[in-house]
Structures are given as C-alpha cells and as structure tokens.
Amino acid sequence: MADAALIGEQIEDDEVQEILKTGTDLRQYAAQIEKEFKEVENRSIDDYIKESQNIANLHNQIGNTSNILERMESMLMDIQDALNNISTEITSLQKKSVSMSVQLTNRQSIRAQISQFIEDMAVPEEMVSCIMDSPVTEKEFVTHLNELNHKLNLMKELNFKESKSSQDVSDVLQKLKIKAMSKLRLYLMEQIYKFRKPMANYQIPQNAMLKYKFFFEFILSNERAVAQEICNEYVDTMSKIYYSYFKSYSTRLGSLKFEEAVSKDDLMGLDDSGPKGIFSKTSSLKNKSTVFSIGDRGEVLNQQLEAPIIVPHAQQKFRYAYEALFRSEQYALVDNACREYLFVTDFFIVRGAQAQELFNQIMGKTTALLIKNLETYVQDCYDTIALFLCIQLCFRYQLMCHKRCVPALDKYWDNLHAVIWPRFEQVFRMNIQSIQDCDPTKFPKETGPHYITRRYAEFSAAIVGITENFPNELVSHMLLELQEEVKCFMLRMAAIFTTRKEQLIYLINNYDLVLGVLMERTRDNSKEAEAFRELLSTRSAEYVEEILAPHLGGIIQFVKDCEQMRDKEQTEELKRQERRSLQLVANFSANWKKSLEELNREVFLSFPSLLTGSQLLQLALAQLVQYYHKFYKLLTPNARAQLVNIHVIMIEVKKYKSNF
C-alpha cells in the first residue's frame, strides 16, 4: 500500500508539472475534474436503478437461505443431543458388561475352588474300600493312597486354621490313615525280613522297596515314630548282614594268600648268597627277587581294578598276593557301599550329614572290621610293593566313589591311608638302612651286575611306574634317598677291586642294569633314568680311555704333549719329537690289528650285555680313530709316509661294527 501511494503521488506530481509547463489554469482544470466525477456518479446511480430488482431478489434468496440454515442447525443440534444420549447409554452398558464379566469370573473361580475343596474333603466309598481291602502293591491302592495323603495334608492345614468343615471327615480320614499305616508298615517289615533269609539276594527286596518308596514317605509325613521304627529295623538288619558277609569273605580270602610271606630277612641290602647253617635264619622266600619286582602285580591298578571279585570257594587251587586280595575286598565294599548309600538317600529321603550318619550306622561295623584286619596284616608286613599298591588302590577306589556321587567312604579311605602310609615309609627306610649297613667285603668279587643293584632297579622301576599317574612328594623324596644310598653302595663295592679298569667295569655293568630296567618299565625321561644315564656316560668315557691306554697309550700321550707344545708355540721342541714319533709309528703299524682284536675280546668278556659291550667297543674304536687323526696331523712328512693309511684302518674297524 505504501508503494502504491508513492506511485500515485509521483503521477500527480508529473501531471501538475505537465500543467505548469503548458500554462493551464488550475481552477479551470479542477472544475473540469469535478464535472467528470458528477457524470460518473450519475451513471452509477442509473446502473444501480436498473439492477435494483435483481438485488432485491438476491436479498430475498439470502434471507431464505439463512432460514434454511437455521433449521438445519436446529436439526443438527437435535442429532448431536441424540448421539450424546446414545454414547452415555453405551458407556453405561460397557460398565455393566465389565461388572458382569468380573462377577462371572469370580463365581467361576469360587465354584472351581469350592468344587475342588468339596472333592478334596469328600471321602468316596471306592477309596475306603480300596484302602481297607486291596493289597498294598495294587496300582489302585497306590493311587488312593496318594489321594489319602493329599486329604490328610489338607486336613492338617484346615485344623491349623480351625476350620469347622474338617470335623465332618476327620474321623473317617484318621481311621483310613491308621489302616493304611498298618498295612504299609507290615509290607515294609516283610521286605526287610527277607534280607535275613540265608543266601538271600538283598538287591531284590531293595528294588521292591524303591518301587514303593512313597510308602515310607507317607509314613514319614504322618507318623514319624513308625518311620523311625522301620528305619531302625532296616539299619539293624543290614548292619548285621554286611558285617557277617565281609567277616566271612575276609576270612576266606585270607586262606588264598601266598604261604611264603616277606619278612624282615628279605630286605634289599641283606645277603642271601652265603651258606646257611641248620639254625641260621634264612629267607622266607624261595626267590627273594620277587620281593622287589612288580611283574604282573601292577595289573590290580589297571585291567583288574574293576574285575569281578575273587570267589574263594571257586579259587581254592590258586594263591594270590596280598594286594590282589585287598583289591577284591575293597572293590566288594565299594560296590556294596555305593549301592547302599544311593538306596538310603533315595528311600529314606536323607541328604548331607543325615545320610552320612545313617550310612555309618549301617556300614560302620563292617568298615571297622576291614580296618582292623588291615592293621593286623600291616604290622608284620615287609612287602613294600604290596603296601604301595594298596595305597594306590585306595586312591583309585576313592575316585571311583566320587564318580558315583558317593562321598560316604571318604573317612574310611583316610583311615586306610593312616594305617598303610606309616608302615610303608617304615619298611621303605628299613630297606634304605639295609643297603647302608651292608659290608661290601662280604660279597664275592664279581664285576657283573650285583643282585642288590638288580633288586634296586626292579624296585625303583616298580615304584616309579606306579606313581606316574598319582605322583607323591614323600615317595619321590624316599626314592631319591634310596638312589643316593645305592650309588654309594656301588662305589663302595667298586672299591674292593684293585685295578681302575675292574672298578669301571663293575660300575658300568651296574649302571647299565639299572638304566635298562628303568627304561623298560618307566618313561625314558624319568628323573631316575636321567641320573643313571649321566653316570653311565661318564664312566663309559673313562673306561674307553682305560682300555685304550695299553694299546694306544704312547700315541695318546704323544698327542697330548705335542698339542701342549703347539699351543705354547714351542716349534723347536716339536721338531725334536720326530724320533719319538717314528718309534710310535713303527710300533702301531706292527700291532694295530692285534690291538683291535684284543679290544674286541676284552670288551665282550667284561660285559654280560652284548648291547652294552657293542656300544662300548664302538665308543672305543671311535676314540681310537679320533686319536689317530690327531696323531697323523702332528707327524712330519717322513713319519706320515711310514704310517698305516687311515682308510685301511677304517675298513678294519668296520668289521667290528655290531648289528645290535
């Protein structure tokens, strides 16, 4: 609008300027403009008069339309009022519907509860008849017994709330409970009495009791005194049965034990090679080496661990080592005890300390008997391997019990360990002491493997082999003590020989024996094997130097002397050794083949083991060739020309190569 006004003003200004330029009279011009306005006004009035009828008609139409709209507005207001009334009625109906739905749900819920309550409270004739007359093993009896138990529990709850409705059926339910209790008690007692029959398989009545374990649960929840009576009767019966069985079984197993027992005269370091007088003590064993060799006895920890138990009356012709009888007895206990523990926890509904206490009441006398029998054996036992095998059996059977989820025997295994370990350690140390106390001068002067060394090798291999899967620090420590004592014994025995070569032969034979047995029976990388492998290597190198000295001593000394001179750069002194070297060359060239033959014969006569002899011979020949190379390098050209060609010597050396 402001822009239009500005434009209008600009136009008027332009017209005014134009008038001023032309010299027109402004008053005359204004009169003319006013005249034009009058003409336009008159024409407008004429046009309005011409259209007056149409305007009047339009006015009438607008009035009619307004009346129609007023009537429509009135009708719409009426419709709106009607809709508001309908909405109010719908809301009211919805509220009534929700209220009726809640009432229906409440009535249905109450009806279901009342129906269930009436059903729970009612005692049908069929239940009464079945509880009174049917055998307890019938399926219908068990079904009605469950219903009766439910009604009795409900009755207890109602009585606690002082409900009057319970008084109507209380008398009937109590009578049914007494009748059911009487029948259940009689049935369970009959099953328990079946255990007492001679030659009875008690697993059958146990399975029958487990099938109807709800009977005891019913008695326990309704009459604890009767439940305790049944439990006491079962405990008393099974305690006597297990005690009687294991007492008889242990006695009969004892008759299958080897008659030859290991005694204190069968220790590792005791001498049994000399002649015995009529009244002198002799070993109780025909072959004392069996005391220290495990042989097949270790199978009780492997294939025989879960093998069927020994049946004494069927094995009268056989005899067994103690650990085999111990395995059979303990496996029988594990089998019975695990089954018994699982039965007790399942049937009598006990857990934790209660289950342990009930189990101890049943198996306590039996386990005490077995511990006492073990104490009797152990106090006079000198069989270290048997004791150690029994310890390992205890470890494995305890692990087996844990796999079967039966911790009830843990205390029993601890008691067995408490009996065996001290005796095992005592006898072990007695063997160590026997080696320490033995007098080497009383033994024959033989360079072959000593029988005490063989005993040690077999024993050490046995203990190491057993402990591979169940290592024990105490056992490892005692094995180390025994090893050190045996090493000292070997050195003391070697000292009785006059020459160093004989001493080395004795040590090598004994080290080789120990190492061979250890490598055969245990892992190659065991600590014991490594220790003796190092000793054998050291003594073998020393022995090679010793046997080469008579045949190659001059050359060896020449090599050592000349190498020192060369290191000290004593050139003139080296040149003066030519005469000495020529003598050595002449002597070697004349006798080298004979020396090889003598070396071969000497080595194989000194060592019973062909493999050991062959290895030592090859070591000696290799050392000989090495010295020969060094000797050759130190010679003058004149001396080298007279020396036997190295290839000729190598060809001859290869003839002594063994196939071992």
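## Contacts and overall make-up

Two residues are in contact here when they have heavy atoms within 4.5 Å. With that in hand, let's look at how this predicted model is put together. Among contacts between residues at least 6 apart in sequence, 77% join residues at least 24 apart.

Of its 660 residues, 39% are buried. The accessible surface of the protein comes to about 38,800 Å², and carbon and sulfur atoms account for 54% of that area.

## The enclosed space

A search of the whole structure turns up one cavity of 30 Å³ or more. The largest cavity holds about 70 Å³ of space, and the elements that give two or more residues to its lining are α17 (527-567) and α19 (578-606). Helix α19 gives the most to this lining, with five residues.

Here is the lining of the largest cavity by name: Leu548, His551, Leu552, Phe588, Trp592, Ser595, Leu596, Leu599, Leu624 and Ile649. How do these residues divide into nonpolar, polar and charged? Eight are nonpolar and two are polar, while no charged residue takes part in the lining.

## Thr384 in helix α12

Next, a stop at Thr384, which is found in helix α12 (residues 384-403). Is Thr384 buried or exposed? Thr384 counts as buried because its relative accessibility is 4%, and the cut-off for buried is under 20%.

Which residues are in contact with Thr384, leaving aside neighbours within four places in sequence? They are Phe424, Val427, Phe428, Asn431 and Phe459. With Asn431 there is also a polar contact, made between the side chain of Thr384 and the side chain of Asn431 at 3.4 Å.

## Gln191 in helix α6

Gln191 lies in helix α6 (residues 170-194). Its relative accessible area is 5%, so Gln191 is buried.

Not counting residues up to four places away in sequence, Gln191 touches Pro205, Ala208 and Met209. For a distance check, take Gln191 and Asn207: these two are 16 residues apart along the chain, and their C-alpha atoms are separated by 9.9 Å.

Ile349 is not a glycine, although its phi is positive, at about 55°. Where does Ile349 sit? Its place is in the loop between α10 (322-347) and α11 (352-378). Ile349 is partly exposed because its relative accessible area is 41%, and partly exposed covers the range between the under 20% of buried and the over 50% of exposed.

Cys405 is also a residue other than glycine with a positive phi, in this case near 60°. Cys405 lies in the loop between α12 and α13 (410-437). The relative accessibility of Cys405 is 58%, so Cys405 counts as exposed.

Key:
Residues are numbered from 1 along each chain as its sequence is written. This is a predicted model: local features need pLDDT of at least 70, side-chain atom pairs count only at pLDDT 80 or more; totals for chains, interfaces and linings use all residues. Side-chain values use heavy atoms; hydrogens and water are left out. Buried means under 20% relative accessible area, exposed over 50%, partly exposed in between (1.4 Å probe, protein chains only). Accessible areas come from the Shrake-Rupley method with a 1.4 Å probe; for residues, only the protein chains shown count as cover. Helices (H or I, at least four residues) and strands (E, at least two) are DSSP runs, numbered from the N terminus. A polar contact is a pair of N or O atoms within 3.5 Å; within protein, one must be able to donate a hydrogen and the other to accept it, and residues adjacent in sequence count only if both atoms are side-chain atoms. On a 1 Å grid over the protein atoms alone, a cavity is a set of points where a 1.4 Å probe fits but cannot get out, and a pocket is an open set with protein on both sides within 12 Å along at least five of seven lines; lining residues have an atom within 4 Å of a point. Grid points are joined across faces, edges and corners, and a volume is the space filled by probe spheres set on the points. Ala, Val, Leu, Ile, Met, Phe, Trp, Tyr, Cys and Pro count as nonpolar, Asp, Glu, Lys and Arg as charged, and the others, Gly among them, as polar.
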